[in-house]
Amino acid sequence: MRIEILTKHHFLFHGAIHKGDYQPFIVIGFKNNRDGFANMSRQAKLLSDALKMLEENYRFKHFSAVGHSNGGIIWTLMFEQNDLMKTHVRVTKLVTIGSPFNLEENNPKIKTKLYRDMYSNRYSLPETLCVYSIVGAETLNSDGVVPITSVTNGRYIFQKQVSGFTQILITGQNTEHSDLLKNVQVELLVHQFLLN
């Protein structure tokens with residue numbers, strides 16, 4: 001099933017969850033998918049609303065999440081800023097793929113407001129969460145869009161806050177930022193991490 005979040009409490013559904021499917025895949029996107037810290041914070045709140053709606057309608061009790069690019073940031077912001085984790089819904093795993101935790105900043109000594117806020121709020125992350133961070137490397141410095149140092153800075157947000165954190169660097173074919181979801185290694189890692 002695909003859900004497009006239009007505005008607060010307004011969702012567009014494509015497909016359905018079949019009866020008896022206890023591990024459905026739900027793709028969530030945003031009508032307003034612009035970049036920027038303020039917009040990603042709004043998206044995190046909208047994502048929390050969408051998950052509450054899914055919990056009420058489908059009665060799920062736990063989930064795993066995958067976020068590509070800003071998606072990994074939005075999941076992290078939601079875990080840190082919203083009250084979803086105070087409900088009886090439990091998140092077990094998060095995969096981030098090419099997520100720019102320090103935005104476009106290439107200098108690891110310079111921290112953006114987004115990064116500083118996520119780092120300050122890292123204590124709110126669910127302790128039971130296991131995080132797998134995938135870094136694409138088209139060149140020695142970036143995946144063609146996001147600097148490698150921006151993605152690897154995520155370790156300072158997650159390490160010692162969640163139950164497990166693994167970061168892996170992927171090189172070779174289809175490692176450009178938008179191609180990472182087509183990368184065979186990435187597909188295998190996500191499958192192995194989420195389903196095994």
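A residue counts as buried when its relative accessible area is under 20%. Ser41 has 13% relative accessibility and therefore counts as buried. This serine lies in helix H1. Leaving aside neighbours within four places in sequence, Ser41 is in contact with Leu77 and Gln81. The model examined here is a predicted one.

The overall fold was considered next. The secondary structure comes to six helices and seven strands. Along the sequence, these elements follow the pattern β-β-β-α-β-α-β-α-β-α-α-β-α. The chain has a radius of gyration of 16 Å, close to the 16 Å that the globule rule gives for 196 residues, so it is as compact as a globular protein of that length. The C-alpha trace spans about 45 × 35 × 30 Å along its principal axes. Contacts were then sorted by separation in sequence. Among those between residues at least 6 apart, 73% join residues at least 24 apart.

Burial and surface were treated together. Of the 196 residues, 47% count as buried. The chain exposes about 10600 Å². Carbon and sulfur atoms supply 52% of that area. Charged side chains comprise 21 positive and 17 negative groups. The centres of these two sets lie 6 Å apart.

In soluble globular proteins, nonpolar side chains tend to be buried together. The largest nonpolar core in this chain has 37 residues. Leu51, Phe63, Trp75, Leu77, Phe79, Leu94 and Phe158 touch the most other members. H1 gives the most, with nine residues. A second, separate core has 11 residues, including Ile97, Ile134, Leu180 and Leu194. Leu77, one of the residues that touch the most other members of the largest core, is also a contact of Ser41.

Not counting residues up to four places away in sequence, Asn39 touches Asn32, Asn33 and Arg34. Val190 is 151 residues from Asn39 along the chain, and the two C-alpha atoms are separated by 27 Å. Lys45 is also found in H1. With a relative accessible area of 43%, Lys45 is partly exposed. The C-alpha atoms of Lys45 and Ser163 are separated by 24 Å, and the two residues are 118 apart along the chain.

His10 has its place in strand S2 (residues 10-14). The relative accessible area of His10 is 48%, so this histidine is partly exposed. Apart from residues up to four places away in sequence, His10 touches Glu4 and Ile5. Tyr132 lies 122 residues from His10 in sequence and 31 Å away in space, C-alpha to C-alpha. Leu169 lies in strand S7 (residues 164-171). Val135, Ala137 and Ile148 are touched by Leu169, not counting residues up to four places away in sequence. Leu169 and Gly98 are 71 residues apart along the chain, and their C-alpha atoms are separated by 9.8 Å.

Backbone angles were examined at two loop positions. Leu103 is found in the loop between S5 and H3. This residue has a positive phi of about 50° although it is not a glycine. Asn174 has its place in the loop between S7 and helix H6 (184-195). The phi of Asn174 is likewise positive, at about 55°, although this residue is not a glycine. With 35% relative accessibility, Asn174 counts as partly exposed.

Notes. Residues are numbered from 1 along each chain as its sequence is written. This is a predicted model: local features need pLDDT of at least 70, side-chain atom pairs count only at pLDDT 80 or more; totals for chains, interfaces and linings use all residues. Side-chain values use heavy atoms; hydrogens and water are left out. Helices (H or I, at least four residues) and strands (E, at least two) are DSSP runs, numbered from the N terminus. The radius of gyration is taken over C-alpha atoms; the globule rule is 2.2 Å times the number of residues to the power 0.38. Buried means under 20% relative accessible area, exposed over 50%, partly exposed in between (1.4 Å probe, protein chains only). Contact means heavy atoms within 4.5 Å. Accessible areas come from the Shrake-Rupley method with a 1.4 Å probe; for residues, only the protein chains shown count as cover. Lys and Arg count as positive and Asp and Glu as negative; His and the chain ends are not counted. The place of a charge is taken as NZ of Lys, CZ of Arg, CG of Asp or CD of Glu. A nonpolar core is a set of buried Ala, Val, Leu, Ile, Met, Phe, Trp, Tyr and Cys residues joined through side-chain atoms within 4.5 Å.
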